[in-house]
Structure formats: C-alpha cells, structure tokens
Amino acid sequence: MQEHRYDVVIVGAGLIGLSIAWRVTQAGRSVTVLERDTVGAGASLAATGMLAPAAEHEPGSDPLLPLALESLSRWPGFRDALQDAAGLDIDYREEGTLVLAIGLFNLGMGVSGIAEAVSASAWTNVLLLGA
C-alpha cells in the first residue's frame, strides 16, 4: 500500500469543508478531504444555501451572532473569488428572508425578541403581524 502525506486533512466534504480545502490549497498546502457519504449531502443540503444569521438566531446564542454577522459580511468577496476561480455563476440571489415567528414563540422569544435579533443584524426589517 502506498503511503500518502498531506499538510491538512479535512473531514467533511460539504460547503464548509470544501471551502476550507480550497483556501488551504490557495495558501500552497496539500489537502485531502474525507467524506463518509455523498459530497454536500449533510448540513450543506439541510441549509440549502441559506445565509441569514439573524433569522437563525435563538435564545442563548447571543455570543455567536456577531461572528455570524461578520461571516456574512465576508460572503460577497468569497463568492466573487469562487466564481472567478470556477468560471461559473453560482446563482446567489439577495432576495431577503421571511422569518415565521411561530417556531421562535415556542422557544419563548416572542415578537420583541425576534425583532431585537433581526435589528442586531443592521438589516432592514419589517414586522408583519397577522390577525
């Protein structure tokens, strides 16, 4: 059996794992990516391209919100670099996010908590109250 050596081994061939592998190879390191199942079938498939940290904000995750928002602010540059390198349009659209409050009510957040979380993102937001 032939022995292989790599500078970095990444476990998981989803969006995050492959993004890291791409950046690590750009830095001149050798990389191998290990995947137990189908590429992109785990968390990447479940998230289906959603980039809405304020919409996913839940009670108790306050310390993570600034990190998530910073990550989101870096997305356009990453997207542009990826499209340039691949020579393909990744079809990212900025059409907004609809947050249904019923799930967050079950967590005890209520309308004011939802509005606070979304406002923390500095995004334009509109609270729609039903009958």
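1. A residue is called buried when its relative accessible area is under 20%, exposed when over 50%, and partly exposed in between (1.4 Å probe, protein chains only). By that rule, the buried residues of α3 are Leu65, Leu69, Leu72, Trp75, Phe78, Arg79 and Gln83. Helices here (H or I, at least four residues) and strands (E, at least two) are DSSP runs, numbered from the N terminus.

2. A word on the ground rules: this is a predicted model, where local features need pLDDT of at least 70 and side-chain atom pairs count only at pLDDT 80 or more, while totals for chains, interfaces and linings use all residues. Residues are numbered from 1 along each chain as its sequence is written, and side-chain values use heavy atoms, with hydrogens and water left out.

3. Now to α3 as a whole. This helix has 22 residues and reaches 30 Å from its first C-alpha to its last, close to the 32 Å expected at 1.5 Å a residue; the expected span is 1.5 Å times one less than the number of residues. There is a bend of about 35° at Trp75, with a proline, Pro76, following within four residues. The bend at a residue is the angle between axes fitted to the seven residues ending there and the seven starting there.

4. How many salt bridges does a search of the whole structure find? The count is three, taking a salt bridge as a side-chain nitrogen of Lys or Arg within 4 Å of a carboxyl oxygen of Asp or Glu. Side chains of opposite charge can pair when their charged atoms come close.

5. Glu70 and Arg74 make one of these bridges, at 2.8 Å from N to O. The two are separated by about one helical turn, because they lie four residues apart in helix α3 (residues 65-86). Glu70 is partly exposed at 39% relative accessibility, and Arg74 is exposed at 59%.

6. Asp80 pairs with Arg79, their closest N and O atoms being 3.1 Å apart.

7. Finally, two backbone angles to look at. Gly87 follows α3 and has a positive phi, near 70°. Asp91 has a positive phi too, near 60°, in a residue other than glycine. Asp91 sits in the loop between α3 and α4 (101-106) and is partly exposed, with a relative accessible area of 48%.
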